[in-house]
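Please keep the sequence and the 3D view at hand while reading.

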There are 2 protein chains.
Amino acid sequence: MELPSTTLSKAVEVLSSLPGVGKRTALRFALHLLKQPPHEVADMADAIHRLTTDVHYCRICHSISDSDLCPICASPKRVQSIICVVENIQEVMAIENTQQYRGLYHVLGGVISPIDGVGIRDLNIASLIQRVQEGNPAPVEEVILALPTTMEGDTTNFYLNKQLQPLGVKVTTIARGIAIGDNLEYADEITLGRSILHRVPFGQ
Amino acid sequence: MELPSTTLSKAVEVLSSLPGVGKRTALRFALHLLKQPPHEVADMADAIHRLTTDVHYCRICHSISDSDLCPICASPKRVQSIICVVENIQEVMAIENTQQYRGLYHVLGGVISPIDGVGIRDLNIASLIQRVQEGNPAPVEEVILALPTTMEGDTTNFYLNKQLQPLGVKVTTIARGIAIGDNLEYADEITLGRSILHRVPFGQ
């Protein structure tokens with residue numbers, strides 16, 4: 001589609017780089033922005049630009065933060081002896097939303113994936129091992145692996161477990177099973193099988 | 001959802017103002033941007049910001065343009081005696097894409113809609129009448145109304161026709177009928193009825 005303005009073309013081009021956004025949606029976004037008050041559009045441009053300048057990552061858990069120490073790592077109320085290992089920042093937010101976890105996190109920044117060229121050194125694995133070894137500020141008693149159930153996630157789980165076990169720390173993974181509200185009939189066999197193997201006492 | 005960074009929160013907030021984008025998609029956009037090279041994100045911010053500063057509207061047809069005269073109005077190759085009236089810039093682009101129209105355009109910027117508080121003075125109607133009256137650079141022979149088939153579109157069509165007829169210009173509307181590839185069985189009665197009334201000689 002040829003656009004009558006190079007400024008509009010450029011805006012459509014950059015907006016269509018967003019995930020799941022094609023040229024048509026990008027054009028819809030751009031034309032919507034053209035109808036908004038200029039200060040609101042400038043606000044958006046500024047907020048996007050600040051993503052490159054004002055976002056920090058926690059030096060301990062590598063989660064996103066306003067400073068170099070995230071609110072979770074800085075909080076004295078969190079249980080310092082448990083670390084939950086996740087792939088990305090999204091999972092930190094998702095787990096925080098459950099309000100079921102009071103320990104700390106460690107964001108790997110991905111999972112081991114030779115096909116995508118992601119190796120052990122591309123991930124925040126060394127700093128995880130160091131956290132467990134140093135036990136600072138408190139000794140780490142448990143590492144919960146909350147990585148995706150993909151081949152890459154399993155590979156990463158396996159590698160992490162191999163590295164962590166010798167350090168004398170308890171390594172666990174999150175429970176896999178039938179999602180609440182899901183129909184047993186339509187569950188895949190592996191999940192259903194695991195949910196029977198890992199059954200828990202009634203009422204727990 | 002509480003986000004661990006105010007910069008991220010702000011980005012999610014502004015991105016969720018885009019049409020059809022909720023908090024969850026906005027977060028996906030923001031986290032995607034965080035993973036991109038900073039210069040690309042800065043590029044996007046700049047392209048959005050320039051929508052407020054570098055976009056011009058054609059002084060003749062009110063379409064979007066790089067300068068105050070759009071390429072269509074400036075082109076000597078276009079038929080100067082036909083003006084196609086459309087609601088928004090999108091329709092200009094859609095009609096241009098068909099490559100079936102070689103005349104000029106006039107972008108109203110909306111349709112008459114008392115419910116939304118859009119009246120005659122909010123639209124580029126006076127300048128359309130003036131274009132037809134002045135007949136500059138060439139006398140206008142035909143005005144094609146290509147507005148949406150809604151009550152507001154019809155009201156606007158009716159008003160424009162009333163204003164234009166006394167000026168001795170031919171007023172037409174685009175053909176309504178069964179879309180190519182559409183099944184007659186599922187067409188609505190009004191469209192099907194009109195497509196029979198406005199039938200055309202075979203092969204045309």
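This is a predicted model: local features need pLDDT of at least 70, side-chain atom pairs count only at pLDDT 80 or more; totals for chains, interfaces and linings use all residues.

**Helix packing within chain B**
- Helix α1 of chain B, residues 6-15, packs against helix α2 of chain B, residues 23-35, at an angle of about 125 degrees, and the axes of the two helices are 8 Å apart.
- Because of that angle, α1(B) counts as oblique to α2(B).
- The handedness of the crossing between α1(B) and α2(B) is right-handed.

**Helix packing within chain A**
- In chain A, α1(A) and α2(A) pack with their axes 8 Å apart and at an angle of about 125 degrees, which means that α1(A) is oblique to α2(A).
- The crossing of α1(A) and α2(A) is right-handed, and the residues that make the contact are L8(A), A11(A), V12(A) and L15(A) on the side of α1(A), together with K23(A), A26(A), L27(A), F29(A) and A30(A) on the side of α2(A).
- By class, the contact of α1(A) with α2(A) has eight nonpolar residues and one charged residue, with no polar residues.

**Domains of chain A**
- Chain A is divided into domain 1, which spans 6-54, and domain 2, which spans 57-173.
- The centres of domain 1 and domain 2 of chain A, taken over C-alpha atoms, are separated by 34 Å.

**How the two chains are related**
- Chain A is superposed on chain B, with an RMSD of 0.1 Å, by a rotation of 179 degrees with 0.0 Å of shift along its axis, and the two copies are therefore related as by a two-fold rotation axis.
- Within chain A, the C-alpha nearest this axis belongs to A45(A), at 2.1 Å from it.
- Both copies use the same surface, since 100% of the contact residues of chain A recur in chain B.

**The interface between the chains**
- The contact between the chains involves 43 residues of chain A and 43 residues of chain B.
- On the side of chain A that touches chain B, the elements giving two or more residues are α1 (6-15), α2 (23-35), α3 (38-53), β2 (64-65) and α5 (89-98) of chain A, and α3(A) gives the most, with 12 residues.
- Divided by class, that side of chain A has 27 nonpolar, 10 polar and six charged residues.

**A helix pair across the interface**
- The axes of α1(A) and helix α3 of chain B, residues 38-53, come within 9 Å and cross at roughly 140 degrees, and α1(A) passes α3(B) in a left-handed crossing.
- T7(A), K10(A), A11(A) and V14(A) in α1(A) meet D43(B), M44(B), A47(B), I48(B), R50(B) and L51(B) in α3(B).
- The residues of this contact of α1(A) with α3(B) divide into six nonpolar, one polar and three charged.

How values were computed:
Residues are numbered from 1 along each chain as its sequence is written. Chains are lettered from A and ligands numbered from 1 in the order in which they are written. Axes are lines fitted to C-alpha atoms, for helices over the stretch in contact, and angles run from 0 to 180 degrees between N-to-C directions. Helices (H or I, at least four residues) and strands (E, at least two) are DSSP runs, numbered from the N terminus. Angles under 35 degrees count as roughly parallel, over 145 as roughly antiparallel, 65 to 115 as roughly perpendicular and the rest as oblique. A crossing is left-handed if the near helix is turned anticlockwise from the far one by less than a right angle, and right-handed if clockwise. Copies are superposed by least squares on the C-alpha atoms of residues with pLDDT of at least 70 in both. Two residues are in contact if their C-beta atoms, placed from the backbone, lie within 7 Å. Ala, Val, Leu, Ile, Met, Phe, Trp, Tyr, Cys and Pro count as nonpolar, Asp, Glu, Lys and Arg as charged, and the others, Gly among them, as polar. Domain bounds come from an automatic or database domain assignment.
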